[in-house]
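Here is a short briefing to read beside the model. It covers the metal site, the core, the salt bridges and the confidence.

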Amino acid sequence: MTCKQLGGPCDQQLRGDNADAVIKAQDRHLRDVVAAGDETHSRALKAMQGRWKNPIAGFSWYRNAKRDFAALPED
Ligand SMILES: [Zn+2]
């Protein structure tokens with residue numbers, strides 16, 4: 001999946017064996033680029049952090065991410 005598919009602004013590819021691993025990869029990617037001074041990712045990072053604090057809103061996002069992951073073709 002890409003950063004963009006997970007709510008971020010770029011087309012960075014994120015890989016993992018399952019949706020949880022991809023979501024973790026996105027979390028790390030957001031932290032890395034924001035730490036490197038990338039402003040365009042800071043909103044996505046805040047949204048990601050907000051999801052952990054707001055389980056109801058976060059859960060539907062999480063379910064959608066899992067569904068999108070499941071819909072990906074095997075590679
Ligand atoms: Zn990105």
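Buried means under 20% relative accessible area, exposed means over 50%, and partly exposed lies in between (1.4 Å probe, protein chains only). By that rule Asp27 counts as buried, at 14% relative accessibility. This is a predicted model, in which local features need pLDDT of at least 70 and side-chain atom pairs count only at pLDDT 80 or more, while totals for chains, interfaces and linings use all residues. Residues are numbered from 1 along each chain as its sequence is written, and side-chain values use heavy atoms, with hydrogens and water left out.

**Zinc site**

- Cys3 (SG), Cys10 (SG), His29 (NE2) and His41 (NE2) coordinate the zinc ion at 2.0 to 2.3 Å.
- Donors are N, O and S atoms within 2.8 Å of the metal (3.2 Å for Na, K and Ca); water is not among the atoms, so sites may look incomplete.
- The arrangement is tetrahedral because the 4 donor atoms subtend angles of 106 to 114° around the zinc ion.
- Four donors count as tetrahedral if all angles lie between 85 and 135 degrees.
- Along the sequence, the donor residues follow the spacing C-x6-C-x18-H-x11-H.
- Cys10 and His41 link distant parts of the chain, 31 residues apart. Cys10 sits in the segment before helix H1 (19-35), and His41 in the loop between H1 and helix H2 (42-53).
- Helices (H or I, at least four residues) and strands (E, at least two) are DSSP runs, numbered from the N terminus.

**Nonpolar core**

- A nonpolar core is a set of buried Ala, Val, Leu, Ile, Met, Phe, Trp, Tyr and Cys residues joined through side-chain atoms within 4.5 Å.
- The largest one has 13 residues, of which Leu6, Leu14, Val22, Ile23, Leu30 and Trp61 touch the most other members.
- At least two residues of this core come from each of H1, H2 and helix H3 (55-70).
- H1 gives the most, with 4 residues.
- Leu6 is in contact (heavy atoms within 4.5 Å) with Met1, Leu14, Val22, Ile23, Gln26, Trp61 and Ala65, leaving aside neighbours within four places in sequence.
- In soluble globular proteins, nonpolar side chains tend to be buried together.

**Salt bridges**

- The structure holds 4 salt bridges. Each is a side-chain nitrogen of Lys or Arg within 4 Å of a carboxyl oxygen of Asp or Glu.
- One of them joins Asp27 to Arg31, with the closest N and O atoms 3.2 Å apart.
- Both residues lie in helix H1, 4 residues apart, about one turn of the helix.
- Arg31 is partly exposed, at 40% relative accessible area.
- Leaving aside neighbours within four places in sequence, Asp27 also contacts Leu45, Met48 and Trp52.
- Another pairs Asp11 with Lys4, the closest N and O atoms being 3.4 Å apart. Asp11 is exposed at 52% relative accessibility, and Lys4 is partly exposed at 46%.
- Asp68 and Arg67 also form a salt bridge (3.3 Å, N to O). Asp68 is partly exposed, at 26% relative accessible area, whereas Arg67 is exposed, at 52%.

**Confidence**

- pLDDT is the predictor's confidence in each residue, from 0 to 100.
- The protein chain has a mean pLDDT of 92, and 99% of its residues reach 70 or more.
- Among the elements of the protein chain, H1 has the highest mean pLDDT (95) and H3 the lowest (89).
- Where pLDDT is low, the predicted coordinates should not be read in detail.

Key. Four donors count as tetrahedral if all angles lie between 85 and 135 degrees; four count as square planar and six as octahedral if opposite donors are over 155 degrees apart and all others between 65 and 115; anything else is irregular.
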